[in-house]
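Colleague: I'm new to this one. Can you put it up and walk me through it?

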Amino acid sequence: MSDDRTERLSVLKTYKLFVGGKFPRSESGRVYEVTDHKGSWLANAPLSSRKDARDAVVAARKAFGGWSGATAYNRGQILYRVAEMLEGRREQFAREVADAEGLGKSKAAAVVDAAVDRWVWYAGWSDKVAQIAGAANPVAGPYFNLSTPEPTGVVAVLAPQESSFLGLVSVIAPAIVTGNTTVVVASERAPLPALSLGEVLATSDLPGGVVNILSGRTAEIAAPLAAHQDVNAIDLAGADPELARTLEEAAADNLKRVVRPQPVDWSADPGTGRLLAFLETKTVWHPMGV
Amino acid sequence: MTNPTNPTNPANPFEYAPAPESRSVVEIAPSYGLFIDGEFAEAADGKVFKTVSPATEESLSEVAHAGAEDVDRAVRAARKAFGKWSALPGAERAKYLFRIARIVQERSRELAVLESLDNGKPIRESRDVDLPLVAAHFFYYAGWADKLDYAGYGRDPRPLGVAGQVIPWNFPLLMLAWKIAPALAAGNTVVLKPAETTPLSALFFADVCRQAGLPRGVVNIVTGDGSTGAELVAHPGIDKVAFTGSTEVGKAIARTVAGTEKKVTLELGGKAANIVFDDAPIDQAVEGIVSGIFFNQGHVCCAGSRLLVQESIQDELLDALKRRMRTLRVGDPLDKNTDIGAINSAEQLARIRTLADAGEAEGAERWAPECALPSSGYWFAPTLFTGVTQAHRIAREEIFGPVLSVLTFRTPQEAVAKANNTPYGLSAGIWTEKGSRILWMASRLRAGVVWSNTFNKFDPASPFGGYKESGYGREGGRHGLEAYLDV
């Protein structure tokens, strides 16, 4: 029955999570079927459990000291390196984005190009954000007084559901460029571009644990993240209104900073909103005298 | 009222004579209504409550208790006023705020006495700290009202609408200023609820608004207890919640607004570490420790309630600190020589006592100078605990009273780890002569305000607010505008 002209059978990729710089399967051993827009099978993605979410938080916390303590120049170069690595894999991502979002070839390529450019844009912010978000404060007394932004800490990020790649990059990059570390929940229906991004990040000098990527049911993974006492903030971009409300309530328990979901055109100029959302302002006083 | 003489020298010839500030500069009416839409009115259900002087337990006045209907009326009034107010040229809004700043300055003696009467804080503090800062805050934000385009929030940033603001009892008028000044500058209108035990200065502020000719409905004051605050926060007609108070209530507010469009800023509790290194100037550090924890009876969210002292100088520092604490004068808030006034309420006194007792029960060693306390009113002597561990309740929970917990450390790394070992992150203090160490420490302390070789300094130009469970958002400075703009 085999044809004489044997077509080469392609080698499929086992998509895995990205946690602490490594590529584990879900500890639960579960996967779920990911299909393209027409319903054809693409891959079995890990169906992450609450335990996976907790492990990812541990990895993100462990990475926070080093990453937030790195120089802004260093972080900027690493984000730029991500863009470099991504540029070299544009075709792969264009294919994955086309499958994920049902886009034609050229549209998918444009999305990937925009995502590469977004890394470049945010890379440049690393050593400028303190200059637009900080302040030298003229207090009425003999004191030196300076306000500087610092990263909030571990940020849980629910990536946008529809924009599986440009949206994803647009929520990760602004969080990490200032020194936060993240646990990212990929688009539930279209997680493959996110899981592949892990491979790019792993080869971009980004310290393990700065970005951790989980796939699975958004509601299942997000609940333990929103309630986690060692998560400092949560970006609800990928939550529907009902889930967002529940998560925001849970997040109140340790007063996480919350970015509520809102309609976003991910191809537009992102502005500084997300960049500034996960920063704390620290103000240092010192007397002047001789 | 009595003041302790120096117990080591009872015949001290330098003992101060009483120097009371005159009460006659302030005229408190027997009752006050709610200030809604430019007029005072009784609560819809006629409910009232008394506000007492915590120093004497004397009733000062009877104040209307706002219920749901009153809150609703206040929010509607603020909404009605919003259109015109927000459409005013910024320069005009600025002039109203400058007027308010000036009137507060003119009436500052009256307002300082009132504040000390209703709150129990020493007149020296209400006169020299609270009131000057209130006026300065309005003056600072007045200048922003016509410069919002340059504040870094984009061209023509828009106000949010109606702000619901709930403030605490520790700095009643100052917290009002922190809330109202930036809100009005940005073009919002407000409904403000002062604390149940200290409603009077906010009601006097309503009169300041009248004198300033502020359009009706721009500022509305609803007095009441926690239930009034809860009504306000939950009201669907407000666009912004600003709260200063306990972390517990802050969390409840964050839950209430979940799933809404309301913007929130929270200034909550703290358990600040005041860290003293072996090379610190001891006398200055002692002054900083004392002002850090005993300023305003320790009713300060950013109080330096955990003293972290480097082990090698513990004895020397504690000797000096105890010597200084013996000279603190506890008593009549209106006496100009008083250092520590009355605890704000019986409820707060009970909480301080419970935690201090827990400190003893858990094995820490308690010390307080001999100190005669007045027989009526609510009082607590300045108190020091040594031998405190990080697990003790007095090292973990906010006491919000004149109680200092002393812990020790050996290395800067250990000091940072202990300082950050708290769910709070509002403030911290560092005492050392070494500049590089100050900056190294300051960059590692997870706190919104770091005072180095000083403590408890405030300024309208300086952003204030916490990390972690001390809340989010900043008040003061350019940063404080963000809370009231649609950005």
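Colleague: At what angle do helix H4 and helix H5 of chain B pack, and how far apart are their axes?

Modeller: First, a caution. This is a predicted model, where local features need pLDDT of at least 70, side-chain atom pairs count only at pLDDT 80 or more, and totals for chains, interfaces and linings use all residues. Residues are numbered from 1 along each chain as its sequence is written, while chains are lettered from A and ligands numbered from 1 in the order in which they are written. Now the helices: H4(B), residues 123–144, and H5(B), residues 172–185, pack at about 5 degrees, with axes 9 Å apart. So H4(B) is roughly parallel to H5(B) (angles under 35 degrees count as that). Axes are lines fitted to C-alpha atoms over the stretch in contact, and angles run from 0 to 180 degrees between N-to-C directions. Helices (H or I, at least four residues) and strands (E, at least two) are DSSP runs, numbered from the N terminus.

Colleague: Which residues meet there?

Modeller: From H4(B), they include B:Leu133, B:Phe138 and B:Trp144; from H5(B), they include B:Leu174, B:Trp178 and B:Pro182. The contact divides into 13 nonpolar, 1 polar and 1 charged. Ala, Val, Leu, Ile, Met, Phe, Trp, Tyr, Cys and Pro count as nonpolar, Asp, Glu, Lys and Arg as charged, and the others, Gly among them, as polar.

Colleague: New topic. How many residues of chain A are in contact with chain B?

Modeller: 26 residues of chain A, facing 32 of chain B. Contact needs C-beta atoms, placed from the backbone, within 7 Å.

Colleague: Which element gives the most on the chain A side?

Modeller: E10(A), with 8 residues. That strand spans 279–287. The chain A side divides into 12 nonpolar, 7 polar and 7 charged residues.

Colleague: What does E10(A) pair with in chain B?

Modeller: Strand E17(B), residues 449–452, in the parallel sense over 3 bridges. Pairing takes at least two bridges found by DSSP. A:Thr283 stands opposite B:Val449.

Colleague: Which strand of chain B pairs with E17(B)?

Modeller: E16(B), residues 427–431, also in the parallel sense, over 4 bridges. There, B:Ser427 stands opposite B:Val449.

Colleague: Are the faces of E17(B) covered or open?

Modeller: Both are covered. B:Val449 and B:Trp451 on one side, and B:Val450 and B:Ser452 on the other, are all buried. Buried means 20 or more other C-beta atoms, placed from the backbone, within 10 Å of the residue's own.

Colleague: Last one. What follows H6(B)?

Modeller: B:Gly213, with a positive phi near 75 degrees.

Note on methods: Angles under 35 degrees count as roughly parallel, over 145 as roughly antiparallel, 65 to 115 as roughly perpendicular and the rest as oblique. Two residues are in contact if their C-beta atoms, placed from the backbone, lie within 7 Å. A residue is buried if 20 or more other C-beta atoms lie within 10 Å of its own, exposed if 12 or fewer, and partly exposed in between; C-beta atoms are placed from the backbone.
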